[in-house]
Amino acid sequence: MSQKFRFLIIAILGLILTLSVPLRVHGRIEKPALNIESNCTDIQNLCLIAISPQPSAEILLQQGIDAYKAERFAEAADFWEKALQEFSESPLNQALVLNYLSLVYQQLDQWQPAEEAIFKSLNLLDSHKSPDKLPILARTLTTLGRFQLAQGKPQVAVETLQSATKTYEKIGDEEGKIGSLINQAQALQDLGYYRQSLKTLESVKLTLDNQPDSVKLTGLLSLGNSLRKVGDLDHSWCVLNEGLAVAKRVQSPQLIANISLSLGDTARILGNKDREQYKNIVFGQQSTPLKIPENCNDSAKINNNALGFYQQAQAFYRQANETASTSSLASIQASLQLVSLSLIIAEVKEWKNYWIPALEEAHELLPQLHAQIRDLASSRQGIYSQVILAEYLTKFKQLAKVSDFKTKSFNFPTDEEIEQLLRTAIQQAKDLKDDRSEAYALGYLGKFYEQNQMWVNARKYTEAGLNKSQSIFASNITYQWQWQLGRILKAQGDTSGAITAYTEAVNSLQDIRQNLVAIDLNLAGIKSDFQFDFQEKVEPVYRQLFDLLLSSGETENLKTAISVMELFQVAELETYLKCRLLPSNRVQKFKTVGETQQALEEKLAEIHNLDPAAALIYPIILDDRIEVIISFPDQSIKHYPCFISKSEVEKNLYNLRTNLSAKPHKPEKQIQRDSQEVYKWLLQQPESMLAEKNVKTLVFVLDGSLRNIPMPALYNQAKKQYLVKDYVTALSPGLLQLNLKHFSWQNLKILLAGRTSNAPRYGFPNHLPAVKAELVGIQKTFSNQKLFLDENFIWNKVTKSLKNSNFSVLHIATHGKFSSNRQETFILDFENKPLNMDNLDSLFQDEDPIELLTFSACETAEGDNRAVLGLAGLAVKSQALSTLAGLWQLDDNFSAKLMIQFYEQLKTSGTKAKALNAAQQTLLQESSEFKHPSFWAPYIIVGNWL
């Protein structure tokens with residue numbers, strides 16, 4: 001074989017296997033079939049592959065490669081299938097081509113042929129004894145690992161990728177090894193092993209430090225993208241800035257553009273997090289700080305708020321645009337990102353002063369983009385770009401109408417031109433035989449007609465896109481067109497049909513989470529900020545379905561609504577944890593709404609049998625009302641709507657939470673004013689029914705910002721007393737996640753750990769002087785206990801003790817915080833070492849579930865409307881059956897008294913929830929000093945209240 005051809009094969013396989021420059025569209029990274037960050041280019045040592053001099057086969061290979069590079073995947077598959085026949089006498093070359101075919105079949109969503117091709121390749125390699133096979137074997141194992149990961153089999157993928165890594169090591173292929181390790185980190189992430197995932201990525205960084213610039217550049221880009229994907233934004237920022245410095249030093253315009261795009265993506269996600277985390281506060285009053293790691297060369301100065309992050313992202317996108325050649329894909333990507341951010345800025349009401357400059361930039365870029373995209377060769381990239389451009393043009397027209405933006409020079413686009421863009425995209429997809437792109441373009445044409453209220457065409461093209469996506473089992477596209485069809489049917493007055501379409505959309509989302517953890521929820525690619533994306537593109541599906549179901553008032557629809565709420569609670573928690581909640585005795589998984597409804601009916605019967613005085617309450621926040629669904633002890637289900645706007649609800653809840661947790665304490669009258677409003681929304685209508693059914697315990701499955709409010713503090717104006725006086729209360733992150741059983745204190749074995757002082761960290765006070773009294777007081781209550789105090793309270797010691805003894809209760813009295821940012825949810829030991837989501841599994845690994853996990857002195861993040869997700873996440877990750885914690889930083893002396901009283905009450909109260917209620921009431925009655933609800937209200941029981 002000629003040296004020239006050997007080099008060609010080397011370059012080709014590196015390109016095909018790595019896809020190292022993915023298309024970024026609409027703020028997402030595009031890799032439609034494989035939702036995995038790109039590898040480093042693994043192209044070393046392929047000169048060992050002995051390819052016979054068969055000119056016809058070489059030509060077919062090259063034609064397939066050219067087609068693959070142009071994203072004409074069906075054409076590439078055709079060429080390689082013919083090449084496979086040409087290599088009938090060469091098993092090694094057949095193995096190589098089969099590896100190519102598996103990759104292209106995956107791009108075409110042909111998963112069965114993809115699986116068959118990769119295993120045929122492995123069988124051929126297994127029968128070949130020459131060491132010449134090792135470079136192909138390494139890459140084939142990489143392809144198999146990525147295939148398994150895309151199929152929702154991360155455990156198997158880890159093992160396969162470990163084998164690939166060892167093979168790369170054998171042949172001395174450092175780039176291939178780096179790429180394989182990054183894929184392993186992805187698989188570990190999907191399993192929920194974040195500590196191991198980050199450790200693997202750290203090892204990649206150490207390896208890259210010793211590599212030449214050519215290897216280091218692609219490695220830093222892939223590593224930075226992977227760190228962003230696992231949520232380590234600070235290190236992503238640092239690594240990508242290091243890559244940018246190297247790219248500038250070696251004067252590589254292409255890599256400068258690509259790394260700038262990635263830095264823009266990281267800055268954009270920081271902005272997204274700030275928008276979501278503090279959306280109830282005026283932008284700029286709070287922020288998600290960028291904590292630059294030590295030894296990071298970053299020199300950027302950023303305003304740590306949403307607008308500041310977005311502006312920094314724009315600067316990076318402009319740099320990418322200026323560096324890349326005008327006709328290049330990177331230039332188009334950068335322009336699309338700039339337009340996307342401009343349109344976002346132009347619709348945030350708090351940023352009105354920035355609307356006109358943002359629209360002016362979009363106004364300048366859109367015609368240029370249209371010309372650039374029009375000149376793109378027919379490809380998947382071109383199809384996606386046309387559709388995204390159509391979306392942006394439509395959005396620009398809408399925003400220009402409602403703002404003060406005026407221009408005479410901008411006559412483009414007309415609706416007819418936007419429609420033609422989409423029809424051209426559809427035809428190109430058909431010509432390419434690219435079903436995924438066609439499903440995408442068809443559905444978006446339906447969306448275009450929906451936006452223009454042309455309902456007949458809207459339904460026609462939505463159903464066409466839906467049929468196409470279902471034919472290739474593309475659930476991530478299917479659910480969006482089912483959702484769109486539901487909206488169209490609702491607009492046409494077909495409520496029953498709309499409910500069916502929405503329900504199928506939820507079922508498709510279930511399928512996505514069951515099978516593809518790292519799923520692309522966007523039609524044109526992966527948006528790395530999955531949590532923010534969830535709130536924009538997934539949560540509305542559930543809420544709009546709730547609206548439809550609850551508008552009818554039919555009992556069967558009420559049952560369906562709470563079933564959908566159960567699925568939503570799990571989906572939200574999985575998004576927060578960034579991994580699947582695997583089926584266990586704690587978490588049950590269901591494929592459809594129907595299966596969930598059947599299981600829920602059984603669970604409700606179980607609950608009412610175990611606690612005949614309990615009512616289950618689901619408040620659901622909708623745009624124009626709060627709907628309260630209650631399952632009473634006789635298993636009857638009722639719903640109670642309270643018509644109030646979501647904005648008013650959020651404002652009241654924010655004020656109430658702020659006043660309850662304020663220091664110094666706000667006047668109690670001020671708290672009662674807001675608290676009685678929440679009581680009216682949730683409990684005033686069912687008041688008489690609760691009394692009639694002799695309900696004593698209220699178990700809340702709370703929604704949204706309601707989670708930040710302690711239910712015992714709700715104020716009944718008619719009775720002039722708080723809810724704590726009338727009912728025992730508990731919270732559940734979802735009834736189907738409960739492992740219910742009655743608590744027995746007689747054999748209770750408790751591990752106590754805490755700190756009274758240390759150097760202040762994370763803004764916490766230096767001293768917790770009452771912790772010693774708290775722990776010693778609890779210690780006296782039980783004979784079977786173990787205490788770790790101050791310098792003895794080290795996580796390694798606690799972990800060792802938990803593993804060596806079967807404790808049923810773990811009580812931790814120390815500083816900690818619960819946040820909607822999983823990386824900012826942590827608990828500190830005496831050495832200020834944080835225990836967070838990523839290493840919590842090490843504390844409870846291979847142990848029987850803890851009956852009760854208590855966090856004393858912890859708090860939820862101020863101003864964070866989803867902070868209780870952190871508490872729920874810790875509870876689920878620990879697998880504790882019940883969790884007792886505070887919603888804000890508590891008075892140290894009162895906390896000690898309440899905790900001692902709680903454990904004393906456990907002996908006689910019958911349930912953990914009753915024990916907490918009795919402790920709160922006892923201290924409320926004993927001392928006027930602690931009468932204010934800011935003292936006694938914040939402690940809550942989450943999980944099994946029995």
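How many helices and strands make up the secondary structure of the protein chain? The chain has 35 helices and 17 strands. Both are DSSP runs numbered from the N terminus, with at least four residues (H or I) for a helix and at least two (E) for a strand.

## Basis of the model

This is a predicted model, in which local features need pLDDT of at least 70 and side-chain atom pairs count only at pLDDT 80 or more, while totals for chains, interfaces and linings use all residues. Residues are numbered from 1 along each chain as its sequence is written, and side-chain values use heavy atoms, with hydrogens and water left out.

The protein chain has 946 residues, and 65% of them are buried. Buried means under 20% relative accessible area, exposed means over 50%, and partly exposed lies in between (1.4 Å probe, protein chains only). The accessible surface comes to about 34,200 Å². Carbon and sulfur atoms hold 48% of that surface. These areas come from the Shrake-Rupley method with a 1.4 Å probe; for residues, only the protein chains shown count as cover.

Contacts (heavy atoms within 4.5 Å) can also be sorted by sequence separation. Of the contacts with a separation of 6 or more, 72% involve residues 24 or more positions apart.

## Salt bridges

Side chains of opposite charge can pair when their charged atoms come close. The whole structure holds 32 salt bridges. The term covers a side-chain nitrogen of Lys or Arg within 4 Å of a carboxyl oxygen of Asp or Glu. One of them joins Asp-173 and Arg-139, at 2.5 Å from N to O. Asp-173 sits in the loop between helix H7 (154–170) and helix H8 (174–190), and Arg-139 sits in helix H6 (residues 134–150), so this bridge ties together parts 34 residues apart in sequence. Asp-173 is buried at 1% relative accessible area. Arg-139 is buried too, at 0%.

Another salt bridge pairs Lys-395 with Glu-347, at 3.3 Å from N to O. Lys-395 belongs to helix H16 (residues 380–402), while Glu-347 is in the loop between helix H14 (329–345) and helix H15 (355–374), so the pair connects parts 48 residues apart in sequence. Lys-395 is partly exposed at 27% relative accessibility. Glu-347 is partly exposed at 41%.

## A salt-bridge network

Asp-547 and Arg-625 form a salt bridge whose closest N and O atoms are 2.8 Å apart. Asp-547 is in helix H23 (residues 539–552), and Arg-625 is in the loop between strand E3 (614–621) and strand E4 (626–631). The two residues are 78 residues apart, and the pair links distant parts of the chain. Asp-547 is partly exposed at 22% relative accessible area, whereas Arg-625 is buried at 4%. Shared partners join Lys-490, Asp-547, Asp-624, Arg-625 and Glu-627 into one network of salt bridges.

## Helix packing

Two packed helices are described by the angle between their axes and the distance between the axes. Here axes are lines fitted to C-alpha atoms, for helices over the stretch in contact, and angles run from 0 to 180 degrees between N-to-C directions. The axes of helix H11 (residues 233–249) and helix H13 (residues 306–323) come within 14 Å and cross at roughly 25 degrees. That makes H11 roughly parallel to H13. Angles under 35 degrees count as roughly parallel, over 145 as roughly antiparallel, 65 to 115 as roughly perpendicular and the rest as oblique. Trp-237, Leu-244 and Lys-248 of H11 meet Gln-312, Phe-316 and Gln-319 of H13.

The axes of helix H33 (residues 892–909) and helix H34 (residues 912–926) come within 8 Å and cross at roughly 130 degrees. H33 is therefore oblique to H34. Residues of H33 in the contact include Phe-894, Leu-898 and Phe-902. Those of H34 include Ala-915, Leu-916 and Leu-923.

## Local features

Ser-437 lies in helix H18 (residues 435–451). Ser-437 is buried, at 0% relative accessibility. Beyond its neighbours within four places in sequence, Ser-437 contacts Arg-380, Ile-383, Tyr-384 and Ala-429.

The peptide bond from Lys-663 to Pro-664 is cis, with omega near 0 degrees. Pro-664 is in the loop between helix H26 (646–660) and helix H27 (668–684). Phe-473 is not a glycine, yet has a positive phi of about 55 degrees. Phe-473 is in the loop between helix H19 (455–471) and helix H20 (475–491), and is exposed at 72% relative accessibility.
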